[in-house]
Amino acid sequence: MEKLNYEVLRKSGYQGYILRDAPVKVLQFGEGNFLRAFSDYWFDMANERAGWQGKITMLQPIAQGLTELVNQQEGLYTLYLRGMERGERVDKRRVISAVKNCLNPYTEEGFREFLELAKSPELQYVVSNTTEAGIVYDPDTRFEDRPPHSFPGKLTRFLYERFRAGREGLVILSCELIDDNGRELKKLVERHGEEWKLGADFGSWLEKENLFCSTLVDRIVPGRIRSEEERQRLDRENGYSDPLADVGEVFGVWYIEGPESLAEKLPFHRAGLNVHVVPEVAPYKKRKVRILNGAHTGFVLGAYLAGFHIVRDCVQDPVILGFLNKMLKEEIIPILPLEREDCERFASAVEDRFRNPFVDHQLLSISLNSTSKWRARNLPSLLEYHEKFGKLPKCLAMSLAFYFAFYSDGLKQREEDAVLAERPDGEEYRIKDDKAVLDFFWEKRNASPESLLFDGMGREDFWGRDLKEIPGLYPLTLENLRRIRRDGAKAAFALAAGDEA
């Protein structure tokens with residue numbers, strides 16, 4: 001079967017939107033699954049809905065990558081967006097045509113084309129997702145390297161070439177998963193500019209002409225069709241082979257920190273897309289962490305002890321769903337700094353995401369490093385709820401008891417990087433966390449619940465504070481832990497979700 005390109009796509013009879021020719025308006029650092037299912041999708045939709053007429057040139061960020069394959073397919077690839085939307089199953093197929101090509105700067109020709117693109121008057125944006133490790137200072141990165149080793153170094157070299165060409169600045173949209181990603185990237189570019197002695201005029205141009213935007217991205221991207229049988233079936237149905245086929249969940253949202261004028265400059269608003277320019281991304285990140293991530297950490301440990309294995313099955317159970325809804329709507333949403341209606345829409349989308357029939361999200365994979373997760377995602381909500389209402393939130397408090405039960409019940413063996421445990425139905429599982437956490441629970445495996453909680457809640461290295469100092473939390477957690485051990489996790493879910501404690 002022929003590999004996807006424009007001619008093969010034409011012969012396949014594809015009826016969807018395609019844009020073959022347009023100027024390159026975006027340089028994208030990264031050619032991986034996430035950006036192809038996220039930002040490239042938004043730009044492709046802007047071409048269709050808003051007549052943006054823009055193309056993307058990808059830059060391969062490391063020596064090994066997809067440049068050859070992307071160029072063989074003339075930038076085309078198939079994107080499948082799958083999941084639940086407003087309670088309905090969704091499985092969409094779209095051929096993305098926003099990408100023109102990919103450059104490999106580790107070749108002489110690719111590096112030359114990279115610098116030549118910097119001079120383009122049509123270029124407007126830089127998008128990046130080089131992972132959390134990408135936005136770091138590398139002292140071995142040098143201006144004269146072809147290319148500079150680090151991502152900030154490559155970007156500095158690119159922007160300097162644009163400055164020398166007398167072109168206007170760019171909007172840089174950083175998608176790396178770190179706080180203040182745009183501001184951190186800007187600091188590193190400025191640092192390289194100073195260390196490489198690129199001049200005060202370049203520094204002034206960087207500051208006045210370029211806009212480094214921190215952004216918040218949200219879309220789960222499994223990335224590929226994992227079943228060989230399904231992949232072959234889809235190729236037959238499409239009429240072409242596509243090694244670059246990508247898979248993302250149907251939900252997606254992009255928050256971009258910037259001035260109001262940026263919303264008019266970017267093509268997304270007039271295309272009616274779920275991309276928003278906001279004064280600060282911090283409140284939206286807080287919402288995501290507290291609702292989406294906090295929901296996971298709040299129920300998965302208890303759900304696993306109750307006999308469940310994947311997220312989808314949990315939200316199809318009325319008891320666990322009742323617990324989840326109460327935790328979100330009565331304990332977390334009331335303390336968030338955004339409009340309640342906005343938060344409830346997000347929570348409703350989260351429930352759809354948890355029901356995704358295409359993703360078997362394993363509870364045990366979510367359970368990894370639950371100590372730091374509960375501290376970052378759930379403890380702040382518990383503290384803020386207690387401060388605002390003068391009482392403890394029942395579901396969030398129960399989630400702490402689920403944590404102690406998951407980490408302490410049925411312990412069988414200390415392994416090199418885990419503790420082997422057994423849940424009530426006899427199924428074995430491995431607890432994986434920092435060494436200090438695993439050592440603590442293994443040493444306390446025969447302790448009374450009073451001793452376990454007194455010492456465990458008092459570990460300031462785990463929680464950043466002594467949890468026993470929170471009024472009423474120690475006796476409530478002790479009561480909840482005893483109930484889990486006596487009546488089972490399912491009964492504990494029902495108790496926390498009910499009106500009586």
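Modeller: Contact means that heavy atoms lie within 4.5 Å. Helices (H or I, at least four residues) and strands (E, at least two) are DSSP runs, numbered from the N terminus. This is a predicted model, in which local features need pLDDT of at least 70, side-chain atom pairs count only at pLDDT 80 or more, and totals for chains, interfaces and linings use all residues. Residues are numbered from 1 along each chain as its sequence is written, and side-chain values use heavy atoms, with hydrogens and water left out.

Start with two helices. Trp-374, Arg-375, Ala-376 and Arg-377 of helix 16 touch Leu-379, Pro-380, Ser-381 and Leu-382 of helix 17. Helix 16 covers residues 370-377 and helix 17 covers residues 379-389; they pack at about 35°, and their axes are 4 Å apart. Axes here are lines fitted to C-alpha atoms, for helices over the stretch in contact, and angles run from 0 to 180 degrees between N-to-C directions. Sorted by class, the contact between helix 16 and helix 17 has 5 nonpolar, 1 polar and 2 charged residues. Nonpolar covers Ala, Val, Leu, Ile, Met, Phe, Trp, Tyr, Cys and Pro, charged covers Asp, Glu, Lys and Arg, and the others, Gly among them, are polar.

Two strands pair if DSSP finds at least two bridges between them.

Take the pairings one by one. Strand 12 (residues 411-414) and strand 13 (residues 419-422) run antiparallel and are joined by 3 bridges. Within this pairing, Leu-411 stands opposite Ala-421 in strand 13. The hairpin from strand 12 to strand 13 passes through 4 residues. Strand 13 also pairs with strand 14 (residues 428-431), in the antiparallel sense and over 4 bridges. Here Val-419 stands opposite Ile-431, and Glu-422 stands opposite Glu-428. This hairpin has 5 residues between its strands, and Gly-426 in the turn has a positive phi of about 95°.

Rings of Phe, Tyr and Trp (its six-membered ring) pair if their centres lie within 6.5 Å; planes under 30 degrees apart are stacked, over 60 edge-to-face, and the rest tilted. Arg-423 lies over the face of Tyr-304, at 4.3 Å from the ring centre, where a charge sits over a ring if NZ of Lys or CZ of Arg is within 6 Å of that centre and within 35 degrees of the ring normal.

Now the rest of the chain. An open sheet of 8 strands has the order 5-2-1-6-7-8-10-11 and mixed pairing. Its edges are strand 5 (99-103) and strand 11 (275-278), each with a single partner strand, so one side of each lacks a neighbour in the sheet. Strand 10 (residues 253-257) runs parallel to strand 11, joined by 4 bridges, and Ile-256 stands opposite Val-277. Helix 6 lies across strand 1 (24-29), strand 2 (55-59), strand 6, strand 7 (171-174) and strand 8 (211-218), at about 155° to strand 1.

In total the structure holds 43 aromatic pairs. Phe-43 and Tyr-125 form a tilted pair, 6.2 Å centre to centre with 40° between the planes. Phe-43 is in helix 3 (residues 39-50) and Tyr-125 in strand 6 (residues 125-128), so this pair ties together parts that are 82 residues apart in sequence. Phe-43 is buried at 0% relative accessibility, and Tyr-125 is buried at 0%; buried means under 20% relative accessible area, exposed over 50%, and partly exposed in between (1.4 Å probe, protein chains only).
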